[in-house]
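Q: I'm new to this one. Can you walk me through its charged pairs?

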Amino acid sequence: MKLFLAALSLSSVAAFGPSVAPKPLTEDPSAFAFGIPGSIDPVPDFDPFGYAANADFDTMKQYREAELQHGRVAMLGALGMLVTEEPIEFHPLFQADNKDIGPAIRHLDEVRAVSPQFFELLAIVIGALEFNRALKGWTEPGDVFGSGRVLKPDYFPGDVGFDPLGLAPEDEESFLELHTKELQNGRLAMLGWAGMVAQELVNGKEIFVNLGLADDRFDPSKLPVQF
């Protein structure tokens, strides 16, 4: 049961989203990214590679959906890296008080050794959540070829009806503002997570250890997988 709850908590990012969605997005050809929320100062029309400039409205909604989902995963991933390393070392899958299992980039080695069934269970849970997301927002496969539309016309990118704390505003303006904030935090988290992973790959040190805020107790020889 403990293993299942841990898998569910790790994979629930696919279900994040407000329960009260505004009206379906409408296309504004004169606005950046067709007026889809996500553009904000100080770089409101940031599109250095021309993805938005070369996309149609439906494709832009798919981009926003992908960006939002990746941002949610990155927010959980960045937080997970910090709480599972020195000095906090919170590990829901195994005890680590007797040893420091090192930087987060090596933790899956330990998970595989201690709870090998975790990954299969995690894949099932993620698959179920993603299937639910597809049922809510995606056009049926047989209709895609005829319409060319992947997302349903009335689907708001990222909204799968998950809001257990009731945080989603009911008025549209506040909802779109919160939606943009979530995107911005997700963008920052993607950059932050990538930076932390790169740092750990370079010197093999945990984040707070590298900053001089925690002791380095990590012994690579105790890891179940050596490389």
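**Salt bridges**

A: Let's start with one residue. E120 is partly exposed, its relative accessible area being 44%. Keep in mind that this is a predicted model.

Q: Which residue does E120 pair with?
A: R112. The two form a salt bridge, with 3.7 Å between the closest N and O atoms.

Q: And R112, how accessible is that?
A: R112 has a relative accessible area of 38%, so R112 is partly exposed.

Q: Which residues do shared partners join into a network?
A: R64, E67 and R187. Salt bridges that share partners link them into one network.

Q: How far apart are the closest N and O atoms of E67 and R64?
A: 2.8 Å, in a salt bridge.

Q: Where do E67 and R64 sit?
A: Both are in helix α2, which covers residues 57–83. They are 3 residues apart, so about one helical turn separates them.

Q: Is R64 buried or exposed?
A: Buried, at 5% relative accessible area.

Q: New topic. What does E86 pair with?
A: R217. Their salt bridge has its closest N and O atoms 2.6 Å apart.

Q: Which parts does that pair tie together?
A: E86 is in the loop between α2 and α3 (107–114), and R217 is in the segment after α7 (207–210). The pair therefore ties together parts 131 residues apart in sequence.

Q: How accessible are those two?
A: E86 is buried, with a relative accessible area of 7%. R217 is partly exposed, at 41%.

Q: Last one: how many salt bridges does the structure hold?
A: It holds 10.

How values were computed
Residues are numbered from 1 along each chain as its sequence is written. This is a predicted model: local features need pLDDT of at least 70, side-chain atom pairs count only at pLDDT 80 or more; totals for chains, interfaces and linings use all residues. Side-chain values use heavy atoms; hydrogens and water are left out. A salt bridge is a side-chain nitrogen of Lys or Arg within 4 Å of a carboxyl oxygen of Asp or Glu. Helices (H or I, at least four residues) and strands (E, at least two) are DSSP runs, numbered from the N terminus. Buried means under 20% relative accessible area, exposed over 50%, partly exposed in between (1.4 Å probe, protein chains only).
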